[in-house]
Amino acid sequence: MTVLTIRDLNVVFSTEAGPLHALKDVNFEVPERRIVGIVGESGCGKSTLINAILGLLADNGGVTGGSITFEGQTDLVGLSPDKMRALRGERISTVFQDPMGALNPVLSIGRQMVNIQYRSGLSRAEKEARAAEMLELVRIPDARAALSRFPHQFSGGMKQRIAIAMALMMEPALLIADEPTTALDATLEVATIELLKDLQEKIGCSVLFISHHLGVIAELCDEVVVMYAGEVVERGDVRSIFNDPRHPYTRRLLECDPARQSSRTRNLPTIPGEIPDLRARPRGCVFRPRCDLAVDTCADPQAERDLGGGHQARCQKAQGLTNTMAELGAAT
Amino acid sequence: MLTYAAKRLGLSVVIVSVAMALLFCMIYLVPGDPASVALGPRATEAMKEALRVRMGLDQPIWVQFWNFYSDAWRGDFGVEVLSERPVIDVVFEQLPYTLALIAGGITWSVGLGIPLGCWAAVKRGSFADRLVGVLSVAVIAIPSFVVAIYALLIFAVSLRWLPAIGAGEPGDLGDQLVHLILPSLAVGLGWVGYIARMVRASMLEVLETSHIRTARAFGLPEGLITYRYALTIAILPTVTLLGVGVGQMLSSAVFAEIVFARPGIGRLVYDAILTRNFPVVTGAVLVTTVFFVLVNLIADLVIGALDPRVRSSF
Amino acid sequence: MSEAVSDPAPPVAPSGLWHQVRKVLREPLGAFGLGLVVLVVLGAVFADVLSQYEPAALSPRDRFLDPSTAHLLGTDQLGRDLFSRVLHGGRIALYVALVSTAISLALGIVLGLIAGYGPRWLDNLMILLFDALKSFPTVMLALALVTLTGPSLTAVMVVVILVNVPGYARIIRTQTIALKTSEFVTAAQSMGASSARILRVHVLPNVIGPLVILASMDIPVVIAIEAGMSFLGLGVRPPTPSWGSILNDGFANIRETPWIAIAGGLPIIITTLGFTFLGETLRDVFDPRLKGR
C-alpha cells in the first residue's frame, strides 16, 4: 500500500507579473514504511510541494490540477481546512529546516509538546509523560527537566532532535522532513540522520525526505525523486538513480556533487545556465535550454519513459543513456 | 540581567540630571526674574530684592545650580508661596489622581488596541482591516483636549450618561471609577490607535515566522495559534510603546484634569501658573519627568522579564 | 498580493510634480487628506473674502446666536462671528505650523550634522541633551516655559521647536554616521574635500527627503500644541482668534451653547486629520522604509 500518491499535480501562483507555474505534472508515490528522498537545487519546487501536501499554500497559490491521495483514500486536494487540520500533526507530521526558528520562543518545550497532543484525550500528566518519553527517545538528557525549558536554552542539534520528537510523538503515517539537517554541521548531520532512520523503523512510518545533499539522500533513502524547475525529471529506487541515471539533469547533478569528485580540483563543475523563469516555461523539456544533448524534438511535450522496476525519466533519450557514471566521468 | 538593570538605572539617573540642568538653564536664561514672577507686578523693588536673597538668586550661578540640583535630588523643591507647605508634599498629594487617570488611559488603549490590532492582522486585507487602519490614524491625529471636550459634550452634557466634573466621592470606588471613564478615554484614545497599529504590524510579522508555520503543520487550532503562539509574542513591543506613551498621557492628563475639573498634577501646575506659584511648577515638572524616565526604565525591565529570549541574553 | 490587479507601472517613472501628485491622489485616503488640507488653506487665505465680519468685532446684542445664514457657525459670548474667527484662527494655526516646523527642521539638520560628523564626545553630549529634552512631558515643558515668559505666540513656537528638534537631529545624525563611512564620502575625503563641502554635497541630499516627509507628518502635532496652549490660555493672546481659544470659550459655555465648542473643535479635527492622512500617504508612496514610525 502506498501512503502518499501524487498524480499529475499542478500548482500555480498568481503574481503581479503573471501566473507562476510552480509545480507541473508531478507524479510519485511514497510506499508504506519507506523513505523517499526528493532532491533538487533550491527553487526546484520542493517547498511548494510540501505546502501543497500540507494544505498550507500561500493565499495567492492553488492546486490547478491533479490529486494527492493519502493512505489510498483521502484526496488532500480540495479537502476542507478542518479535515486537513485533523490530519496535520496526527497522521502527517513535519520537521522543518530551521531548528532555531521552528520552535515557539516564548512557550516552554513541554507546553508546546502538550499542545500538540490536544486531540489525544489524555490528561495533562499523561501528555507530559508522553512528551518526556519522546525527548528521551531522541536522547535529550534529563528529559523531565527539559520540558520546562525554553527553546533558546538548547543547542541547534538538540532543537532539531526536539522538533523530530514533536513530529513523531503522535506516531504519524507520514513524516515530511524538509532539509532537517541543512542547518547542522557535519557530525550532527550524521547523528541526526541515524536517529531519524532509527525512529522511522521503530514507529513504522513513511518519510518524505527533502534535501539537496546527495550524500544524505544516498545514505538514508529507499527511493529518490529528482526535481527540476517544478517538474519530476527522474524517479526510481536509490540504486538506479545513483548508479544508472537516465535524465541529463540527474547526470549533471551527480557530476557536480563534491563528494563524487575523484581527483582534487580547484573548480567544482557546475551546470551552465540558470533555472528557467517559471512564468515563461520553455516548451517541451524543461531542462532543454541547459542540456548539451538537446535536439529539436526536445521542444515537443515530453512524457515519462518507463525504464523498468519503477525507474522513470522524463527524457526521450532515457533508454539510450545507459553509459555508467564511471564512463561519463572518463568522457569529461 | 542585574548588570543590565544597573546600567539602565545609571543612564536614567544621568538623563534626569541633564533634564534638571536644562530646566535650571531655562529658568536662568529666560528673560524674566523668578522673584518678580512670584511677587507679581505690584511688588516693590525692596520686596523683590528680599525674595531674591531668600531664593538664593543673589549667589553666583554655579552655587545656585548646585543648590537647585542637590535639593532636587533630595526631593526639596522649596515651599509653596502661599501656604508655605513643602512643594514635594503638595505634588505627591495630587500625584495619585493623575496616576489613576493614566492607568485608566492605559486600560482603554490596551483593552481596545490589542484586540483591534490582532483582529486587523488576522483579517489582513479585508474591509475590517482597512477600517481599523484608518480609524487608528484618525484617533492618533485628533488632539486629546478636543476628544475631552467632545466627550464631555456628548456623554455628559447632551446624553447625561456619565458625570461631567470631579473625581467622585472619596472612599466610593465605584463612583470614582465612573468619574474616571470619560477623562481616561480622552487620555487613552490616541493610544488605542498607536497600539492597534503596532500590534497589527508585529502580529503580521510573527504570523510569517517559521514556528507559526510549524504550529500550523501540527494542525493546532487556529485560535490557539493566533492567541497563544502569535499574540503573546506580538504584544511584547506594546510594553515599550506604553513606556513612551505614559509621557504623552501625562501631557493629555493636564487637559483632561482641567476639562473634567479633576484634581491632579496637571490641574496643580495650571493653577500654580495662574497664581505665579513658581516652585510648584518646577517641582511638578521634575517629579513628572522622573516618573516618565522611571516608567521607561520599568518598561525595559518588564520586557526582559516577559521575553525568555531577552531574559537570557543579558 | 491584493494589489495584483493594479494597472501596470510605466517602465520609467516620470519624476514630474504632476505625476507625484497623481500618485498621492490615486490613494483614496491621500486624496481625502489633500482635500481637507486644501480646504483649510483656502479658508485661511481667503478669510477676509469668505466672511464679512471682523473676527474680533464685538457685538453685545448678538451674543450666543445659533447658526444661521447670517452667522454660519453662530456667535460667541461676546457676539463675535464664529465662522470668521474659525477662518482667521486657521491663519494662526498654519503660520505657527509652517514657521516653527521650518525652524525645527533647520536646527535639527544643523545639530544632527554636527553630532553625526563631529567628534565622539560632542555626539554623546548632544544625544544626552536630546534624550533629556525628550524626557519632559510636552505640556509640562510648555507650562514651565510659559510661567517664566508669559503667554505668547513666541512661547508656543519655542515649545514646538524644543519638542521637534531632538527627533529630527537624531535622524540626521544616524543617517550622517551611516553615510560618513560610505564609499563615496570616503572617496570625496581622499580627494581633499572639506567637511563642510562633504556635508553639503554628499550627506545632506541623502538625508533630507525622509526628514521632510516626517516633518510633514508632525504638522498635526504642531497644530495640536498651538491649539492646546491657546486652549489653556497660554498661547495666542486674546482677542487674536485661535482654534484653541474658541474651544476654551466653548468649554466655558458648554452647557448653554454647545455650538461654540463644536466650532472650535471641528477645524482642529479637520486639519489634523487632513495633514495626517496626507502625510501617511506621502510616506507610503515616496518612502515605504519609514513605515511604522
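**View 1. Strand 3 and strand 9 of chain A run parallel, joined by 4 bridges.** This is a predicted model, where local features need a pLDDT of at least 70 and side-chain atom pairs count only at 80 or more, while totals for chains, interfaces and linings use all residues. Residues are numbered from 1 along each chain as its sequence is written, and chains are lettered from A and ligands numbered from 1 in the order in which they are written. Strand 9 covers residues 223–228 of chain A, and V226(A) in it is the bridge partner of V39(A). Strands here are DSSP runs of E with at least two residues, helices are runs of H or I with at least four, and both are numbered from the N terminus. Two strands count as paired if DSSP finds at least two bridges between them.

**View 2. Strand 3 of chain A also pairs with strand 8, again in the parallel sense.** Strand 8 takes in residues 206–211 of chain A, and 5 bridges link it to strand 3. Look for G37(A): its bridge partner is F209(A).

**View 3. Is strand 3 of chain A enclosed or open?** Strand 3 (residues 35–39) of chain A has 5 of its 5 residues buried, so it is largely enclosed by the rest of the structure. Buried means that 20 or more other C-beta atoms lie within 10 Å of the residue's own; 12 or fewer makes it exposed, anything in between partly exposed, and the C-beta atoms are placed from the backbone. I35(A), G37(A) and V39(A) cover one face of the strand, with V36(A) and I38(A) on the other.

View 4. Strand 6 pairs with strand 7 (residues 174–178) of chain A in the parallel sense, over 4 bridges. In that pair, V95(A) sits opposite A177(A). Chain A as a whole holds 11 helices and 12 strands, and 43% of its 332 residues are buried.

**View 5. Over in chain C, helix 4 spans 36 residues.** At 1.5 Å a residue (counting one less than the number of residues), this helix should span 52 Å, and its end C-alpha atoms are 51 Å apart, which agrees. Since 26 of the 36 residues are buried, helix 4 of chain C is largely enclosed by the rest of the structure. Helix 4 (residues 82–117) also has the highest confidence in chain C, at a mean of 89, while helix 8 (residues 183–190) has the lowest, at 74. That score is the pLDDT, the predictor's confidence in each residue from 0 to 100.

**View 6. Here chain C meets chain B, with 41 residues of chain C in contact with 43 of chain B.** Contact means C-beta atoms, placed from the backbone, within 7 Å. Among the chain C elements giving two or more residues to this side are helix 9 (195–231) and helix 11 (258–286). The chain C side divides into 28 nonpolar, 10 polar and 3 charged residues. Nonpolar covers Ala, Val, Leu, Ile, Met, Phe, Trp, Tyr, Cys and Pro; charged covers Asp, Glu, Lys and Arg; the others, Gly among them, are polar.

Notes
Contact = placed C-beta atoms within 7 Å.
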